[in-house]
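Thanks for coming. I have one structure to go through today, so please have a look at it before I start.

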Amino acid sequence: MARVLGEILTAIVTPFKADGSLDLDAFRALARHLVENGSDGVVVAGSTGEAPTLSDDERFTLVQAAQDEIGDRGSVVVGTGTYSTQHSVHLTQRAHELGVDAVLVVTPYYNKPPQRGIVEHFRAVAATTDRPVIVYNIPSRVVINIEPATMSVLAEIDNVTAVKQANPDLEEAKHIVSLSLELYAGDDDLVLPFLELGGTGGVCVHTHIVGPQVRQLVRRFQAGDIEAARQIDRKLAPAIELLRIAPNPIAIKRALELLGHDVGGLRLPLVEADDDETTAIRDCLERLGLLQPATV
């Protein structure tokens with residue numbers, strides 16, 4: 001599956017026009033930019049893409065735009081997981097019909113299912129498609145963690161082939177690799193640590209702005225030059241810092257704007273970066289060498 005989907009996927013932001021509608025031209029331009037600058041593909045309608053505020057029609061309009069723009073050069077994955085199994089099944093069926101390369105399914109959030117409920121949720125969703133299902137484990141957003149024993153059961157589902165793991169517990173990450181599942185870093189600072197455990201790469205946000213650097217990190221690691229990979233990782237520290245300035249995708253959208261990408265604002269309840277946050281974001285971009293220091 002890694003050969004099909006790639007090692008570095010970017011969870012792409014959703015650009016909006018001034019009236020709040022989708023800006024498909026900007027979305028296409030950004031998707032094209034990403035695959036030309038380090039990404040093997042994009043994940044559409046994840047949390048970075050503001051999926052909770054997208055209608056189903058908007059979600060799949062974006063998928064089709066991504067397929068049209070990069071389908072022959074990069075993979076297109078779509079987020080189809082919600083807190084409703086019925087809705088997640090519906091979204092996955094539609095994604096299957098459109099021929100996406102894979103679906104990303106987050107652990108149900110808010111309703112806090114028990115571990116056996118998580119298993120049944122993924123069974124139901126995976127049964128609707130023969131496409132790869134990427135399990136998205138992100139305890140910081142959904143409150144619950146997919147425990148190792150549960151992950152072992154999920155690995156028995158034929159088309160559950162990968163995990164986007166936004167949990168820094170390295171023992172749990174090792175367990176995922178031991179199950180012969182592809183391990184993708186779900187937090188950008190985990191790309192190198194997970195590679196060192198036998199992981200595949202990452203589903204990243206910072207690759208909107210540092211895609212070539214992350215691609216080089218992966219290449220150096222694969223070539224056996226671990227110290228060079230670690231040096232790149234250290235240089236990327238301001239990109240990680242940038243993402244922590246405000247809840248995702250507030251900071252990355254402002255960073256893209258500062259770098260000349262027209263991605264519009266955000267849909268409520270998310271709001272745009274304020275002046276202090278923008279100053280901090282600009283500082284990170286300057287330290288990354290992406291912006292010249294502002295003159296007084």
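Which elements do the buried residues of α4 pack against? The answer is α3 (56-70), β3 (75-79), β4 (102-106) and α5 (115-126). Before I go further, note that this is a predicted model.

Let me stay with α4 for a moment. Its buried residues are S88, V89, L91, T92, A95 and L98. Helix α4 covers residues 85-98, and at 1.5 Å a residue its 14 residues should span 20 Å; the end C-alpha atoms are 20 Å apart, which agrees. Just after α4 comes G99, with a positive phi of about 80 degrees.

Now the sheet. Eight strands form a closed barrel in the order β1-β2-β3-β4-β5-β6-β7-β8, and the pairing is parallel. From one strand to the next, the twist averages 25 degrees.

I will take some of the pairs in turn. Strand β2, residues 41-44, pairs with β3 in the parallel sense over four bridges. Within that stretch, V44 stands opposite V78 in β3.

Next is β5, residues 133-137. How many of its five residues are buried? Five of the five are, so the strand is mostly covered, given that buried means under 20% relative accessible area. In a regular strand, side chains alternate between the two faces of the sheet. Here V133, V135 and N137 lie on one side, I134 and Y136 on the other, and both faces are covered.

On one flank, β5 runs parallel to β4, joined by four bridges, with L104 opposite I134. The chain gets from β4 to β5 through α5, and this β-α-β crossover is right-handed. Strand β5 is also joined to β6, residues 160-165, by five bridges, again running parallel. The bridge partner of Y136 in β6 is K164.

On to the core. Nonpolar side chains tend to be buried together in soluble globular proteins. In this model the largest nonpolar core has 98 residues, and V44 and L242 have the most contacts inside it. V44 is the residue I mentioned opposite V78. As for L242, leaving out residues up to four places away in sequence, it touches I209, A251, I252, A255, I281, C284 and L285.

Last, V4, which sits in helix α1, residues 2-5. Is V4 buried or exposed? It counts as exposed, because its relative accessibility is 54% and the cut-off for exposed is over 50%. V4 and A102 are 98 residues apart in sequence, yet their C-alpha atoms are 9.5 Å apart in space.

That is what I have; questions are welcome.

Conventions:
Residues numbered from 1 in each chain as written. Predicted model: local features only at pLDDT ≥ 70, side-chain atom pairs only at ≥ 80, totals over all residues. Heavy atoms only, no water. Core = buried A, V, L, I, M, F, W, Y, C linked by side-chain atoms within 4.5 Å. Buried < 20%, exposed > 50% of the residue type's maximum accessible area, 1.4 Å probe, protein only. Contact = heavy atoms within 4.5 Å. Helix = DSSP H or I, 4+ residues; strand = E, 2+ residues; numbered from the N terminus. Expected span 1.5 Å × (residues − 1). Pairing = 2+ DSSP bridges. Axes fitted to C-alpha atoms, helices over the stretch in contact; angles between N-to-C directions. Right-handed = clockwise from strand over helix to strand, strands pointing away.
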